[in-house]
Amino acid sequence: MLERFTKSAREVVEGAAGRAERAGAVTEEHLLLALLDLEGTRAAFALAALGVHRRREALEGALDEIRRRGGISRAEAEALAGLGIDVAEIVARVEDAHGRGALATGRTPRRRWSAGRQPFTREAKAVLERSLRAALARGDRHIGDEHILLALAAGPGVVADVLTEYGASQADIERVLGNGGEGRARTG
């Protein structure tokens, strides 16, 4: 599938792998952060148009907080609160006993692809598969960085929730990108 990726999409995958060196595996979060590093691409255009670039620091803080809560998004925490479960209290008690970040997610696959390459989590692989479907749905012959962004926003998952929270839902991104030709920046 990677042979169908444009230069900018490959840059996202390589950037995510670079960010994942300490984590041990490439996650959806790494893919999003690598997208935020790009300039002059369709995804960069969409993220800037939706104001996500301006709020990058806050977005990264939201991802850190979710990681600290063991991967529970704000919406999930609110749903649990409706059932009488105080996620903040649970996190505080666990951190009192085991230290800050004790619930932080850091799942890694058991096998590595090959020496020198970071493995992808199941969720990150699913994003790349959805990016192919996004490209096909838009009638595009190649997978670009914009398709990876659309796949992240299509969720499910914490990254999709955070994107939506910061004004970049799948529908918002589709609107900014148009139906294949509008707002096109460098794609390859």
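Here is a friendly walk through this predicted model, point by point.

1. **The overall build.** Read from the N terminus, the order of elements is α-α-α-α-α-α-α-α-α-α. The protein has 188 residues, and 42% of them count as buried.

2. **How the chain meets itself.** Take the contacts in the protein with a separation of 6 or more: 65% of them join residues 24 or more positions apart.

3. In soluble globular proteins, nonpolar side chains tend to be buried together. Here the largest nonpolar core holds 44 residues, and the members that touch the most others are Leu35, Ile148, Leu152, Leu163 and Ile173. At least two residues of this core come from each of α1 (7-19), α2 (28-37), α3 (42-49), α4 (56-68), α7 (122-137), α8 (145-153), α9 (158-165) and α10 (170-177).

4. You will find leucine 35 in helix α2. Is it buried or exposed? Leucine 35 is buried, since its relative accessible area is 0%, and the cut-off for buried is under 20%. Leaving aside residues up to four places away in sequence, leucine 35 touches Val12, Ala43, Leu47, Asp145, Ile148, Leu149 and Leu152. Glutamate 11 lies 24 residues from leucine 35 in sequence, with 8.6 Å between their C-alpha atoms.

5. Why is α8 described as largely enclosed by the rest of the structure? Because nine of its nine residues are buried. Among them are Asp145, Glu146 and His147, along with Ile148 and Leu149. The cover over the buried residues of α8 includes α1, α2, α3, α7, α9 and α10. Just after α8 comes glycine 155, which takes a positive phi of about 55 degrees.

6. **A nonpolar patch on the surface.** Do also turn the model to find Leu83, Ile85 and Ile90, which form a nonpolar surface patch with about 290 Å² of accessible area together. Isoleucine 85 sits in the loop between α5 (74-82) and α6 (87-98). With a relative accessible area of 33%, isoleucine 85 is partly exposed.

Key
Residues are numbered from 1 along each chain as its sequence is written. This is a predicted model: local features need pLDDT of at least 70, side-chain atom pairs count only at pLDDT 80 or more; totals for chains, interfaces and linings use all residues. Side-chain values use heavy atoms; hydrogens and water are left out. A nonpolar core is a set of buried Ala, Val, Leu, Ile, Met, Phe, Trp, Tyr and Cys residues joined through side-chain atoms within 4.5 Å. Buried means under 20% relative accessible area, exposed over 50%, partly exposed in between (1.4 Å probe, protein chains only). Helices (H or I, at least four residues) and strands (E, at least two) are DSSP runs, numbered from the N terminus. Contact means heavy atoms within 4.5 Å. Patches are made of residues with over 30% relative accessible area and no salt bridge: like charges are joined within 9 Å, nonpolar side chains (Val, Leu, Ile, Met, Phe, Trp, Tyr) within 5 Å. Accessible areas come from the Shrake-Rupley method with a 1.4 Å probe; for residues, only the protein chains shown count as cover. A salt bridge is a side-chain nitrogen of Lys or Arg within 4 Å of a carboxyl oxygen of Asp or Glu.
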